Amino acid sequence: MPAIHRLLVPVDFSESSRAAVQYAAYFVEKLGAAMDVLHVWHIPNVIDPALLVNVPGSATLPLVEHARGRSEEDMREFMSSLGPLVQGAHPRVEQGEPVEVILEVARQQTYDMIVMGTHGRRGLTHFFLGSVAERVVRRAPCPVLTIRVPDVKKD
Ligand SMILES: Nc1ncnc2c1ncn2[C@@H]1O[C@H](COP(=O)(O)OP(=O)(O)OP(=O)(O)O)[C@@H](O)[C@H]1O
Ligand SMILES: [Mg+2]
């Protein structure tokens with residue numbers, strides 16, 4: 001089996017992606033691997049990114065800047081909620097279509113394994129895999145470890 005030096009963990013801040021980080025942390029500890037935690041945010045095409053957003057108590061900003069700030073803040077909170085488990089991990093926030101960006105990052109940066117959830121925030125549990133997970137598994141340039149968190153309501 002090829003050595004595992006670098007792990008890519010795409011996260012949407014769901015319970016599944018939290019579990020993926022926990023699994024990846026095991027490889028970091030046991031194998032001395034490096035972990036990059038990636039969140040990809042996306043503004044649907046029908047929405048003009050120049051649209052101004054006025055959140056009470058904050059500056060008025062173009063939607064794209066507001067979304068970037070929110071995503072970075074969400075990532076900071078997610079990482080800090082994981083505590084020492086992600087000490088040394090590199091958070092990364094990118095804009096774009098999630099599957100395309102995850103695959104592009106995986107190709108460019110020569111990761112040895114992707115670790116991700118089977119479902120995410122939308123959690124459409126009637127599918128075997130969520131749509132992001134399914135398309136990454138189909139096209140990834142490296143092995144993909146998928147982590148399923150049982151749904152207590154439906155299992
Ligand atoms: N925007 C994203 N950025 C990074 N990783 C993501 C993103 N969306 C999903 N993922 C990863 O994919 C895993 C599965 O999520 P996915 O979106 O495939 O399932 P879902 O939300 O239940 O389904 P769907 O989005 O198709 O309704 C997540 O646990 C996370 O690891
Ligand atoms: Mg999803």
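Between which two strands lies the loop that holds Ile-47? Ile-47 sits in the loop that connects strand E2 (34-41) with strand E3 (52-54). The model is a predicted one, in which local features need pLDDT of at least 70 and side-chain atom pairs count only at pLDDT 80 or more, while totals for chains, interfaces and linings use all residues. Residues are numbered from 1 along each chain as its sequence is written, chains are lettered from A and ligands numbered from 1 in the order in which they are written, and side-chain values use heavy atoms, with hydrogens and water left out. Helices (H or I, at least four residues) and strands (E, at least two) are DSSP runs, numbered from the N terminus.

Ile-47 counts as partly exposed because its relative accessibility is 35%; buried means under 20% relative accessible area, exposed over 50%, and partly exposed in between (1.4 Å probe, protein chains only). Together with Val-46 and Leu-51, Ile-47 forms a nonpolar patch on the surface, with about 300 Å² of accessible area. Patches are made of residues with over 30% relative accessible area and no salt bridge, like charges being joined within 9 Å and nonpolar side chains (Val, Leu, Ile, Met, Phe, Trp, Tyr) within 5 Å. The areas come from the Shrake-Rupley method with a 1.4 Å probe, and for residues only the protein chains shown count as cover.

The next topic is the sheet. It is open, consists of 5 strands in the order E5-E2-E1-E6-E7, and has parallel pairing. Strand E5 (90-95) and strand E7 (144-147) are the edge strands, each pairing on one side only. From one strand to the next, the twist averages 25 degrees. Two strands pair if DSSP finds at least two bridges between them. E2 and E5 run parallel and are joined by 6 bridges; Val-40 has Glu-94 in E5 as its bridge partner. E1 and E2, also parallel, are joined by 5 bridges, and Leu-8 has Asp-36 in E2 as its partner. E1 is mostly covered, with 4 of its 5 residues buried.

Helix H3 (residues 98-108) packs on this sheet and touches strand E1 (6-10), E2, E5 and strand E6 (113-117), where contact means heavy atoms within 4.5 Å. The direction of H3 makes about 150 degrees with that of E2. Axes are lines fitted to C-alpha atoms, for helices over the stretch in contact, and angles run from 0 to 180 degrees between N-to-C directions. Helix H4 (residues 131-139) lies across E6 and E7, at about 160 degrees to E6.

Side chains of opposite charge can pair when their charged atoms come close. A salt bridge is a side-chain nitrogen of Lys or Arg within 4 Å of a carboxyl oxygen of Asp or Glu, and by this rule the count is 8. In one of them, Glu-97 meets Arg-135 at 4.0 Å, N to O. This pair links distant parts of the chain, 38 residues apart: Glu-97 is in the loop between E5 and H3, and Arg-135 is in helix H4. Glu-97 is partly exposed at 28% relative accessibility, and Arg-135 is partly exposed at 33%.

Glu-134 is partly exposed at 31%, whereas Arg-138 is exposed at 64%.
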